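Please look over the model below before reading the numbered points.

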Amino acid sequence: MFKAIKSKVEFPRLEEEVLDFWDEKKCFERSVSERSDENIFFFYDGPPFATGLPHYGHLLASTIKDVIPRYQTMLGKKVVRRFGWDCHGLPVEFEVEKELGLKGKVDIEAMGVDKFNEHCRSIVLRYSGEWKRTIKRLGRWVDMEDDYKTMDVDFMESIWWVFKTLWEKKLIYESKKIVAYSPRLGTPLSNFEVNLGYKDVQDPAVTIKFPIKGLEKTSLLAWTTTPWTL
């Protein structure tokens, strides 16, 4: 006898049944362990910031990060997939500053850079539970138990090794680039960090053209947002 099929499909329940089946049969784990070490496909995954909750941008990227390794696995290749956490940069520091009521570099130095760093480390996996539930429900195959963190010493040393190797091959060059800068933090900002507090404001200005005696084709332009300074 065939199993009766309901005419009304409950997609959320169906998804959960598939996830339970994958867990029961160890499908992801076997897709890695049953492949040969002589046919490996390396997939380098840029990790998300550890102090934020998953949002639409993460879900979209996670779909791509899942499709490519799955396809390579279907070709018979071994694809080891470890989830990672980005522990560096201003997002972590911003979270700690907000939590401790600090207002920039001066407050951090007064507290002690070592104590500030330790507090940053302590909050790295604050939202790991939410991430695990979301990534699993998304259907992404990735190892979130044997994860890595960019603050791990072996990870940081590997990055410096890569940079050193590129330097020795003369593939690193020094240049100049205009970037947003935070005088409060004393550091350049990424587009993401700028957008955290970006807003449009009215900034009226006055520009006046002055003639210069003796130089008929030359003028002096004076510009200011505080007209009284003229």
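**Notes on the model**

1. Threonine 207 has tryptophan 223 of strand S6 as its bridge partner. Likewise, isoleucine 208 is bridged to alanine 222 in S6. These residues belong to the antiparallel pair of S5 (residues 206-212) and S6 (residues 215-224), joined by seven bridges. Strands pair if DSSP finds at least two bridges between them. Helices (H or I, at least four residues) and strands (E, at least two) are DSSP runs, numbered from the N terminus.

2. The model is predicted: local features need pLDDT of at least 70 and side-chain atom pairs count only at pLDDT 80 or more, while totals for chains, interfaces and linings use all residues. Residues are numbered from 1 along each chain as its sequence is written, and side-chain values use heavy atoms, with hydrogens and water left out.

3. In the hairpin of S5 and S6, two residues lie between the strands, and glycine 214 has a positive phi near 90°.

4. Helix H4 (residues 90-100) packs on helix H6 (residues 113-122) at an angle of about 105°, with the axes 9 Å apart. Axes are lines fitted to C-alpha atoms, for helices over the stretch in contact, and angles run from 0 to 180 degrees between N-to-C directions. H4 and H6 are therefore roughly perpendicular (65 to 115 degrees; under 35 is roughly parallel, over 145 roughly antiparallel, the rest oblique). Val92, Glu93, Val96, Glu97, Glu99 and Leu100 of H4 meet Phe116, His119 and Cys120 of H6, where contact means heavy atoms within 4.5 Å. Five of the residues in this contact are nonpolar, one is polar and three are charged. Ala, Val, Leu, Ile, Met, Phe, Trp, Tyr, Cys and Pro count as nonpolar, Asp, Glu, Lys and Arg as charged, and the others, Gly among them, as polar.

5. Helix H3 (residues 56-74) and helix H7 (residues 128-138) have axes that come within 11 Å and cross at roughly 50°, which means that H3 is oblique to H7. His58, Leu59, Ser62 and Thr63 of H3 contact Trp131, Thr134, Ile135 and Leu138 of H7. The residues of this contact are four nonpolar, four polar and no charged.

6. Just after H8, lysine 170 has a positive phi of about 60°.
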